[in-house]
Amino acid sequence: MRIIAITSGKGGAGKTFISVNLAAALAYLGKRVTLIDTNFTTPNSSLLLGIYAYKNTIHDLLSGNFNTNIVYSTPYGFDLVPGSLSLYSMINARIENFDKVFEKIKSEYVLLDTAAGIGRECSYVLLSSQEVFIVVNPEITSIIDALRLKKAVEAMKKRVTGIIANKVRSAKDVERLKSFFGEEIVAILPEDKRVINSIEQKIPFIYAYPKSVISTQILNLASKLSNNF
């Protein structure tokens with residue numbers, strides 16, 4: 001089981017979009033994949049798939065209900081462990097129970113869609129992972145926060161498998177990002193107005209726009225992971 005966290009230093013970088021599409025891409029390549037929504041306070045993964053309510057969620061497990069089924073199949077070949085959209089779900093949730101979720105999963109790849117930043121919620125999830133992708137945008141604030149996060153991840157002795165540059169608008173953006181992260185950048189996703197369309201349609205972008213640069217980059221990254229990158 002390969003446990004990969006997808007995180008960022010700032011909110012709005014595109015972690016959930018990338019998590020959902022990378023899970024779909026790995027499944028498309030024939031891999032067994034489970035995506036876990038570990039943004040316990042504001043989970044969004046299920047919303048991108050058009051599913052707004054599950055009977056049971058990871059918050060049930062965090063609340064001590066360890067025998068509850070919280071793994072669901074999606075129409076795109078991967079499994080999802082969703083989060084609860086109810087604010088009340090956090091009342092009895094204990095983050096210390098999180099590691100119990102791996103007992104319910106038998107996939108080759110487990111993707112963890114984390115909260116942003118390096119607070120307690122995200123830190124605990126990162127410690128439970130084996131490796132990390134950091135999502136960054138071209139804005140200097142996003143870059144600085146990503147650099148801080150990268151240092152924190154390395155201090156945890158976790159492998160930073162790569163940096164995913166998202167919402168890139170120009171060659172100048174690419175140059176700026178490469179000046180900070182160099183060869184650590186494993187995918188460059190351009191800003192694309194159709195991202196909003198795919199989210200509104202509740203369809204992973206790689207299915208809605210399979211010939212786009214974004215889809216090509218995500219499928220290439222999934223292929224590298226499949227070959228033990």
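1. Helices here are DSSP runs of H or I with at least four residues, strands are runs of E with at least two, and both are numbered from the N terminus. By that rule the protein chain has nine helices and eight strands. This is a predicted model, so a few ground rules apply: local features need pLDDT of at least 70, side-chain atom pairs count only at pLDDT 80 or more, and totals for chains, interfaces and linings use all residues. Residues are numbered from 1 along each chain as its sequence is written, and side-chain values use heavy atoms, with hydrogens and water left out.

2. Let us start with overall dimensions. The radius of gyration is taken over C-alpha atoms, and the globule rule is 2.2 Å times the number of residues to the power 0.38. For 229 residues that rule puts a compact globule near 17 Å, and the 16 Å of the protein chain agrees with it. Along its principal axes, the C-alpha trace spans about 50 × 35 × 35 Å.

3. Next, burial and surface. A residue is called buried under 20% relative accessible area, exposed over 50%, and partly exposed in between (1.4 Å probe, protein chains only). On this scale 55% of the 229 residues of the protein chain count as buried. The accessible surface comes to about 10,400 Å², and carbon and sulfur atoms hold 52% of that. These areas come from the Shrake-Rupley method with a 1.4 Å probe; for residues, only the protein chains shown count as cover.

4. A word on contacts and charges. With contact meaning heavy atoms within 4.5 Å, 75% of the contacts between residues at least 6 apart in sequence join residues at least 24 apart. The protein chain carries 27 positive and 20 negative side chains, and the centres of the two sets lie 1 Å apart. Lys and Arg count as positive, Asp and Glu as negative, while His and the chain ends are not counted. Each charge is placed at NZ of Lys, CZ of Arg, CG of Asp or CD of Glu.

5. The sheet deserves a careful look. Two strands are said to pair if DSSP finds at least two bridges between them. Eight strands form an open sheet with mixed pairing, in the order β3-β4-β2-β5-β1-β6-β7-β8. Its edge strands are β3 (72–73) and β8 (185–190), each of which pairs on one side only.

6. Strand β5 (residues 109–114) pairs in the parallel sense with β1 (residues 2–8) over five bridges. In that pairing Ile3 stands opposite Val110, and Ile6 stands opposite Asp113. Strand β2 (residues 33–38) also pairs with β5 in the parallel sense, over six bridges; there, Val33 has Tyr109 as its bridge partner.

7. Lys10 sits in the loop between β1 and α1 (15–28) and is partly exposed, at 34% relative accessible area. Lys10 and Ala116 are 106 residues apart in sequence, yet 5.3 Å apart in space, C-alpha to C-alpha. Leaving aside neighbours within four places in sequence, Lys10 is in contact with Lys15, Ala116, Thr141, Ser142 and Asp145. Thr74, in the loop between β3 and β4 (79–81), is buried, with a relative accessible area of 10%. With neighbours within four places again left aside, Thr74 is in contact with Leu49, Asp79 and Leu80.

8. Most residues other than glycine have a negative phi. Lys167, by contrast, has a positive phi of about 60 degrees; this residue lies in strand β7 (residues 159–168) and counts as partly exposed at 32% relative accessibility. Lys202 also has a positive phi, near 60 degrees. Lys202 lies in the loop between α7 (194–201) and α8 (205–208), and is partly exposed at 23%.

9. One last pair, for distance. Ile196 belongs to helix α7 and is partly exposed, with a relative accessible area of 47%. Ile196 and Phe229 are 33 residues apart in sequence and 30 Å apart in space, C-alpha to C-alpha.
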